[in-house]
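Welcome! Here is a short tour for anyone meeting this structure for the first time. Take a look at the picture, then read on.

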Amino acid sequence: MSPQAHSPFGGSVAARVLRCPGSVDLISKVPPELHKSSDYADRGTSMHMAMAALIAEDVHVPVESLAGKKFGDYTITHDDIENFLRPAYSFVEKLLDVPGAAYYLDQRVIFPAIANTFGTLDLLIRIDHTVHVIDFKFGVGVRVLALTPDGDDDVLNSQLLFYGAAARHSLPEFFTGIEDIVLTILQPVTTDADSEMVSTVTVTHAELDEFIAAYRVACAEALSEAPRLKAGPWCRFCSARPICKEHTKPLLDLAAFTVPAPWSTTRAFFGTPTAKEEYLKVLAAGLELADAVKDTCTALHDQAKRALENGDNVPGYALSNGRAERYWRDEITAQVALLSLGFEHDDLVEVEVMRSVKQIELRAKARGLKIPPELIISRRSGVSLKRSENVRVPVLGRDELARAFSEALAVFTEEARQ
Ligand code: SF4
């Protein structure tokens, strides 16, 4: 990644533009300084810079030497080294150490046939007749794959296809004699503990050509009079979300939200299974609307907060300071002074706390170690309301419990009869 200006059709937005060409015009209405950015993005940018620094060094430098160093607005921590940089760098190092390997790092590349369309790819490595297009992902919230299963189809990662096509166009000599183009996402950590760090797929020149043709059509639509708006997972990082009618229309639906029948007029209402089912459906529809509205609220809130932080005026809103928290000015000095006043060591320092299973799993993954499963137990913290498809361990309702019991009873009595 680089600080240079972004292209409206650049690699990082290719997946969105392909599926929602209308987003390009809508995003142009959002002041640039309010486009998505967060502490987390600062951290990701810093990690990219640290990786680039490691790769660019002529001599191998120990990865841990970067701990405490500041890249951009963020200082690299020991956890960042162990969980992200060490595993990612050791994968890259093996490729770069192959005799004859050549590479481009943080290379700006121009996409063919669409004006003002460029991007900066993280790493391009050539080994014999193969080119590796590598993209580092240091975010943890969303797992990114080079090839995503989608029903009967597998969807190739648009950002990697973009960089592959743009690199081939911009660096023709580097691609001379190339037979295989290997697209790779390197994502050391995600919230899914079982995910692999490396996601890779090999594509042909013909597949890059197909992508170029499809992307040209999407970009032409984006510039047309009435481009399509289509919501989907690609909305997650779209800065037009607070003003997009695909997301604001649930506000209107919520205003028109009504309960279907005046149940208080008849005491027998809940005695009618159909009527009760209808009411429960209304609850579900209301929850869906509330979720959609909540997402829109979050998007509005984030952008208004960013505007206020930038010193802009959002009429009727202001930033308020949080509760003051007190800290030791210098922990060592404070400990020495307090001990001399008669405090015991245990008065000042809490017992050491073991890291969580998740934290140690991340370290195990980075070091190729395996945690014996018998060391871990799991406990559920309680019951919460979730969409059915997001429920891992369902808690059965009374109907389901009754059904499960009657099924078990039927099997039992059948067996007893035999
Ligand atoms: S929020 Fe989603 S639907 Fe709306 S413009 Fe952005 S990508 Fe398109």
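**Arg216 and its partners**

Leaving aside residues up to four places away in sequence, Arg216 touches Ala113 and Ile114. Please keep in mind that this is a predicted model.

**More on Arg216**

- You will find Arg216 in helix 6, which covers residues 205-222.
- Arg216 and Ile114 are 102 residues apart along the chain, yet their C-alpha atoms are separated by 6.6 Å.
- Is Arg216 buried, partly exposed or exposed? Arg216 counts as partly exposed because it has 16 C-beta neighbours inside 10 Å, while a buried residue needs 20 or more.

**The chain as a whole**

- The chain contains 12 helices and 9 strands.
- There are 418 residues in the chain, and buried residues make up 24% of them.
- Among contacts with a separation of 6 or more, 68% join residues 24 or more positions apart.

**Leu18, another link across the chain**

- Leu18 sits in helix 1, residues 14-19.
- Leu18 counts as buried because 21 C-beta neighbours lie inside 10 Å.
- The residues that Leu18 touches are Ser158, Ala214, Tyr215 and Ala218, again not counting residues up to four places away in sequence.
- Although Leu18 and Cys219 are 201 residues apart along the chain, 7.6 Å separates their C-alpha atoms.

**The largest nonpolar core and helix 5**

- How many residues does the largest nonpolar core have? It has 60, and those with the most contacts inside it are Val17, Ala50, Met51, Leu85, Ala88, Val133 and Tyr163.
- Helix 5, residues 158-170, provides the largest share of this core, with 7 residues.
- Helix 5 is mostly covered, as 11 of its 13 residues are buried.
- Those buried residues of helix 5 include Ser158, Gln159, Tyr163 and Arg168.
- From its first C-alpha to its last, helix 5 reaches 18 Å, close to the 18 Å expected at 1.5 Å a residue.
- Tyr163 touches Gly11, Val109, Gly119, Leu121, Val133 and Asp135, if residues up to four places away in sequence are not counted.

- Most residues other than glycine have a negative phi.
- Asp106 is not a glycine, yet its phi is positive, at about 45°.
- Asp106 has its place in strand 3, residues 102-110, and counts as partly exposed because it has 17 C-beta neighbours inside 10 Å.
- Asn116 is not a glycine either, and it has a positive phi of about 60°.
- Where does Asn116 lie? Asn116 is in the loop between strand 3 and strand 4 (118-127).
- Asn116 is exposed because 12 other C-beta atoms lie within 10 Å.

**Around the ligand**

- Of the 16 residues around the ligand, the ones that come nearest are Cys20, Ser23, Cys235, Cys238 and Cys244.
- The residues of this shell divide into 9 nonpolar, 3 polar and 4 charged.
- Which helices each supply at least two residues of the shell? They are helix 2 (23-28) and helix 7 (245-255).
- Domain 1 (11-234) and domain 2 (244-309) each give at least three residues to the shell around the ligand.

Key: Residues are numbered from 1 along each chain as its sequence is written. This is a predicted model: local features need pLDDT of at least 70, side-chain atom pairs count only at pLDDT 80 or more; totals for chains, interfaces and linings use all residues. A residue is near a molecule or strand if its C-beta atom, placed from the backbone, lies within 6 Å of it. Helices (H or I, at least four residues) and strands (E, at least two) are DSSP runs, numbered from the N terminus. Ala, Val, Leu, Ile, Met, Phe, Trp, Tyr, Cys and Pro count as nonpolar, Asp, Glu, Lys and Arg as charged, and the others, Gly among them, as polar. Domain bounds come from an automatic or database domain assignment. A nonpolar core is a set of buried Ala, Val, Leu, Ile, Met, Phe, Trp, Tyr and Cys residues joined through C-beta atoms within 7 Å. Two residues are in contact if their C-beta atoms, placed from the backbone, lie within 7 Å. The expected span of a helix is 1.5 Å times one less than its number of residues.
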